[in-house]
Structure formats: C-alpha cells, structure tokens
Amino acid sequence: MDKIKAEPFSFPVKHDQLALVVIDMQRDFAEPGGFGASLGNDVSRITRIVPDVKRLIEGFRNAGLPIIHTMECHRPDLSDLPPAKRDRGNPTLRIGDIGPMGRVLISGEPGTAILPELAPVEGEVVIEKPGKGAFYATKLGEVLQQRGIKQLVFAGVTTEVCVQTTMREANDRGYECLLAEEATESYFAEFKAAAIAMIRAQGAIVGWTAHVDDILESIS
Ligand code: C5J
C-alpha cells in the first residue's frame, strides 16, 4: 500500500479514490475590499499561500486526479442566508451589501470569484455553498459518491472555519481526510496551528496533515 508521509502517522493513500478539495480561495477572502477585509482581517496572510495551492492543483491536474473547488456564497435574493449569519461579526460590509467588488459573497459577483491564478478549468467540479461546511445544502456528497472518491486532500481558507468544518463533515461521512499544511491559512496564525493540532490529535481523530511536497511526490 502506498503511503504519504503525514502526521500523526502515514496516510494510506489509494490513488484511484483520491480527490483534491480546494476550499473558498475567493477574492472576497483574499483581496482588500472584500468580506474578509471588512471583518478587520489582514488578507495578505491568505494571498501568501496561493503559490502552494497552485502547485497542489497543478500536481492533481498533471496526475489526472479529480479537483473540487468550493465557493462560499448566497443567492442574490438571500433566501439561503439565515439572518443570524448575515448579522454576525459586525463587518463594515455585510453579506449581500454592495462593495468595491460587487455584492459581497453573492453568486456570480466579481468578489465571489475564485482567484484567477487558481481558477477551475473545464471538467473540475465547482460547489457553491451557503454554509461553512461544503456538505451542507450542496451536492458534494452525491458528486463524491458518483465518482467513487473516498479520500480527500484539503487546501484553502480559512483553516479553522470552512476547511475544518468541511473536514469534520467529511470525516463523519467516512472519508479519509488529509490537510495540506502550506496550502491552507487563517487570518490568525494561532488558529491555523490550533486547527492542525486538533485535526491530527488522538490518532487522527478528524484526519491527517502533510506537507505539500510529500503529497505531490506521492501523486507524481
Ligand atoms: C469564513 C471561510 N471564514 N471560507 N469563511 O467566513 O472560512
């Protein structure tokens, strides 16, 4: 059995059941003027991981392995946005408000788009999700089942919110999850470190973590 060097122990990879899930690498979380910045965050932390996310995406593309991109966003009529979510956090721009990149986190708006360097290509799945987790109110579960995918490598932002929530949802559904450490980021260094520690604690209670180079070596 092939293994990827990982923590807390080697990840038993099955290449015919493996996919990459890239969480919410959207302009609204990474660029000044977007939702992340409107909450008072330093978005430069997010743009710093773009080269590593890109390397991972290209590695999966070159290996012919499936890639799934997610986007946190809502319908223009806000019918899938609970008031509790819209009102949370006291941002200068709330979800649905008009900002410098269009309406914040609304499907089809410029700020909602995935960063151009990481944009999906034809054949890759794009999941629009109204929640922090990518399984809630989406077709992700069906997509994975139809394709026989049982192992997920995770990249994207933010580590402790949408990435960790989705990993926990996936773990509960029986998927084996591996987080690519350099290809995920938080607005808070200590939250990234804590999320990584929590995920792999207690014998990989939520999943494994590994370096991008070790993941790429295994699929090349
Ligand atoms: C947040 C996300 N942090 N993609 N979204 O609101 O993690």
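The following is a conversation about a predicted model and the terms used to describe it.

Biologist: How are residues numbered, and which parts of the predicted model are used?

Modeller: Residues are numbered from 1 along each chain as its sequence is written. In this predicted model, local features need pLDDT of at least 70 and side-chain atom pairs count only at pLDDT 80 or more, while totals for chains, interfaces and linings use all residues.

Biologist: Why is Arg200 called buried?

Modeller: A residue is buried if 20 or more other C-beta atoms lie within 10 Å of its own, exposed if 12 or fewer, and partly exposed in between, with C-beta atoms placed from the backbone. Arg200 has 21 C-beta neighbours inside 10 Å, so Arg200 counts as buried.

Biologist: What makes the phi of Ala204 worth a remark?

Modeller: The phi of Ala204 is near 65°, a positive value in a residue other than glycine. Leu105 also has a positive phi, of about 55°, although Leu105 is not a glycine. Leu105 sits in the loop between β6 (102-103) and β7. With 28 C-beta neighbours inside 10 Å, Leu105 counts as buried.

Biologist: Which residues does Arg200 contact, leaving aside neighbours within four places in sequence?

Modeller: Two residues are in contact if their C-beta atoms, placed from the backbone, lie within 7 Å. On that basis, and leaving aside neighbours within four places in sequence, Arg200 is in contact with Glu7, Pro8, Trp208 and Thr209. Glu7 and Pro8 are joined by a cis peptide bond, with omega about 5°. Pro8 is in the loop between β1 and β2 (11-12).

Biologist: What makes the buried residues of helix α9 lie on the same side?

Modeller: In α9 (residues 212-219), Val212, Ile215 and Ser218 are buried. They cover an arc of only 130° around the axis, which puts them on the same side of α9. The arc is that of the directions from the helix axis to the C-beta atoms. For Val212, 21 C-beta neighbours lie inside 10 Å, so Val212 counts as buried. Not counting residues up to four places away in sequence, Val212 touches Asp52, Arg55, Leu56, Ala180, Glu182 and Ala183.

Biologist: How do you know that β3 and β4 pair?

Modeller: Two strands pair if DSSP finds at least two bridges between them. Strand β3 (residues 18-23) and β4 have 4 bridges, in the parallel sense.

Biologist: What makes β4 mostly covered?

Modeller: In β4 (residues 67-72), 6 of its 6 residues are buried. Ile67, His69 and Met71 point one way, while Ile68, Thr70 and Glu72 point the other way.

Biologist: Which residues lie around the ligand?

Modeller: The residues around the ligand are Asp24, Phe29, Glu72, Lys132, Val157, Thr158, Val161 and Cys162. A residue is near a molecule or strand if its C-beta atom, placed from the backbone, lies within 6 Å of it. Val157 and Thr158 are joined by a cis peptide bond, with omega about -15°.

Note on methods:
Helix = DSSP H or I, 4+ residues; strand = E, 2+ residues; numbered from the N terminus.
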